[in-house]
Each structure stands twice: as structure tokens, then as C-alpha cells.
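Let's take a walk through this fold together, one neighbourhood at a time. Have the sequence and the model open beside you as you read.

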Amino acid sequence: MLTAGPKGTNDIMPGEIEKWHYIEETVRDICREYGYREIRTPVFEHTELFQRGVGDTTDVVEKEMYTFRDKGKRSISLRPEGTASVVRAFVEHKTYAQPQPTKVWYMGPMFRYANVQAGRYRQFHQFGVEALGSKDPAVDAEVITMAMDFYGRLGLRDLELHINSVGCSLCRPGHREKLFEYLKPNAKQLCNLCQSRLERNPMRILDCKEENCREISEGAPMTADCLCDDCAGHFEKVKKYLDEVGVSYVINTRLVRGLDYYTNTAFEIMASDIGAQSSIGGGGRYDGLIEEIGGPPTPGIGYALGIERIIAAMERQGLEWPAGRKIYIFIAALGDEAREAAFKLVRDFRREGLTAEMDLMGRSLKAQMKFANRLDSAYTLILGEEELGKGIITVRDMAAGEQQELPLTGIVDYLKNKNT
């Protein structure tokens, strides 16, 4: 059906897009204040980037990527997340040779073939940040604090920050072995996906949402039980920094996140009552990813926040959206000469930075006034042949319901001063 968009996509129409503008403006403000600069990467990449970076045992790579062959027979995938693309750009442009850390942010559409749920789409949008080049636990704490500050500016409340450490390449093999031995006796009771994960990546079973798998893994060795001294010390310092700035958190030992590249700190932010899943964003450290993609050993950490999920949470909490910029001035003109004068006047207003409109449908004066009211204009200017001959224009203050006649030649400056 050509008049319906593909399943899992969403048109963002006037009246709704203003909410997105508000969130995007808040993103730009907080990124500037935290010292992050914008980066824009392609919406498609070579499939191998996500296979190597995200991990071929993840749901994203196994089941959810939009992958196709281009005309050069290359395997191309629409990006399912933003971190791998940012890291690829970091390596390709040799940004690692510059003074570190590199702090960047991105915002744009991502693509995953997944079940459509409340606030989740197959084309969805994320805002994310990446801090590359520093292993300091203060960077972990800064990234987490930034995410919580962002939600706070939007007015979201009753959020729960979950944190965990998933270890490093030194301590994870020990956890993997213990976890495998714990789960192996009940392997046949696991879901089909977790059965396939048992040999390849048993830690991902801890993240399974199937009730039976959760029951089987209850009591299993957690990453926190197997951390090496460096990872344990790193996690303690992250917690101390968060305590220092008053960011409250819950230690969730089952939190492993859904992508293979995470090491050490992992975190997720939860909001209740927004659909089948309560997460509205999360992230973590990925100290081996840059090397895996072909760059030098370089630590990194970041997060991604789902914009659709944020909007769903704000609406569920009944938050008021700031009013978007309204049609400030509407010119109701009658007669050809008056319309020509109104056309010039509209441009004069716009050159001064004012929002101005005129009738483009040939409406009667009464209909134009109704339309001006529908646009919620602050001032409606009435210009007919008689006013034009006298060099005046009628200015109606729509909120006060009062009107006056003013000289046509000075009307732009008059309303410009009203707007300051």
C-alpha cells in the first residue's frame, strides 16, 4: 500500500516535530557545556564493521541488521547503532594522533529489524556521545553524569540508573568458564538462542528476557564476583565520583548490555511505564573496540539515548512541552494592490528576524481572520485598498482583542520592538 509507510517507521508531522526540536536543542546545549563536538557519519557502512565491532553473537548482528548487496557486490548494512561508525571515523581520520581525549556527539536515525513496541521502531533515532582516549574513571563518571543531567533538563523524574562492571579481557575468561559450568547442566532448558550462546558467549544469557532463562541463571556467577584487581578498583572509583556529585545509582549485577564490545563500566537508565521495556538509554566502556576495528589500542566510553523512548517517557509523565515559535504576524490583505504590498511587507518582517505569514488561498477577510486565530498569531495586520491609499495599516493585538491604526512606513520597526 503506497499510502502507508513501512512497518516500524514513523512520520514526524508538524505539531509533533516541535517536541523533537526541543530535545535536539537541549542536546546541543548540554554537549557544548560538557565540551563535546558534533560528528556525522554515514547511515550505512560495510557489514563487517558491525560484525567485528558490535559482535556476531549479539541479537543486533544475528537477527536485526538491514543488510544488502550494493551494485558493486559489497555487503552493506544500515547502521544499527552509532558507536562503531564513530570509532571507524576516529581510526580512518587518524584522530588518535591528536591530543586526547576526543569527545564527540551524534544524533540521527538507526535501523534494526525488530518487533515494533511502544516507543520502538525499525527506524529509530538516537543521541549519543563517545569519549575516546582516556581510561580515567572520571571519564566514566562524567559520561554517566552528563546523561542524567540531560534527562533532568527535560524534566524527567523517577529515573533509575543501573550500573555494573563487566570486567576486561583478563578477568572475563574466568567468569565465562564459571558461568558455562553453572549453566551447562540445564542447557536443554534454555531458549534456542541462549543454547547457541552457551558455547560462544554465555554472559549474554544473563541478559535474556525469557523468564525460564532468567530462572535458570538465578544464582549464576556474576561478573562482579570475578573482577580482577584493576577492574574492581576502576569500578570503585567510578562509584566514588558519582557519589561526589550526588548521582544515585543501583548496582545491577545482571546488567551486561546487548553488545559484545563493552568492558568494565556498563550502565542503563530506566523509566517505568513506557512499554514492554523500561530502558530509555545506556552505554558503557569499550576499551578493545578501536583495536578490534584496526586502530591502535585506545580506551573509549559512550552512551546512546533513544529519542522516541524519551518522548514516550515525557508524555507518560505528563510533562509540558515548551511552546514552539508561533506565527508572530499575519497580514490579512484585500485587493490586488494590498496583496502586493503585503507580500513585500512579509519579506521585510522576515529580514528583521520576525515570523510573518500572509494569506495564500484567496480567503475573504473574515476567513483570513479565522485563519490568523488558528495560527495563534500574536498580531494580525489588516491592509486593504483604503488603508493603502492613506498610508496606514490596522494592527490587531490578538490576545488583548484591541486594534489601532498605525503608519504603514513604521510598522516593521514598531513590531520588531514589540518582539524584544
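Let's begin with helix α4 (residues 83–92): nine of its ten residues are buried, so the rest of the structure largely encloses this helix. Buried here means under 20% relative accessible area, with exposed being over 50% and partly exposed in between, using a 1.4 Å probe and protein chains only. Helices (H or I, at least four residues) and strands (E, at least two) are DSSP runs, numbered from the N terminus. The buried residues of α4 are T83, A84, S85, V86, V87, R88, A89, F90 and V91. Just after α4, K94 has a positive phi of about 55°.

A word on what you are looking at: this is a predicted model, in which local features need pLDDT of at least 70 and side-chain atom pairs count only at pLDDT 80 or more, while totals for chains, interfaces and linings use all residues. Residues are numbered from 1 along each chain as its sequence is written, and side-chain values use heavy atoms, leaving out hydrogens and water.

What does T41 touch, not counting residues up to four places away in sequence? Its contacts (heavy atoms within 4.5 Å) are R79, S85, V86, R88 and A89. Of these, S85, V86, R88 and A89 are among the buried residues of α4. T41 itself sits in the loop between β1 (37–38) and β2, and it counts as buried because its relative accessibility is 19%.

Three strands make an open, antiparallel sheet in the order β2-β4-β3. At its edges stand β2 (44–46) and β3 (67–69), each with a single partner strand, so one side of each lacks a neighbour in the sheet. From one strand to the next, the twist averages 35°. Two strands count as paired if DSSP finds at least two bridges between them; β2 and β4 (residues 75–78) pair antiparallel over three bridges, with E45 opposite S77 of β4.

Now turn to strand β9 (residues 263–270), where eight of eight residues are buried.

The axes of α1 (residues 17–34) and α11 (residues 307–316) come within 11 Å and cross at roughly 110°. Axes are lines fitted to C-alpha atoms, for helices over the stretch in contact, and angles run from 0 to 180 degrees between N-to-C directions. Angles under 35 degrees count as roughly parallel, over 145 as roughly antiparallel, 65 to 115 as roughly perpendicular and the rest as oblique, and α1 and α11 are therefore roughly perpendicular. Here K19, W20, Y22 and I23 of α1 meet I307, E308, I310, I311, M314 and E315 of α11.

Helices α12 (residues 336–351) and α15 (residues 411–418) pack at about 40°, with axes 10 Å apart, and are therefore oblique to each other. Their contact involves L345, D348 and F349 of α12 and I411, V412 and L415 of α15.
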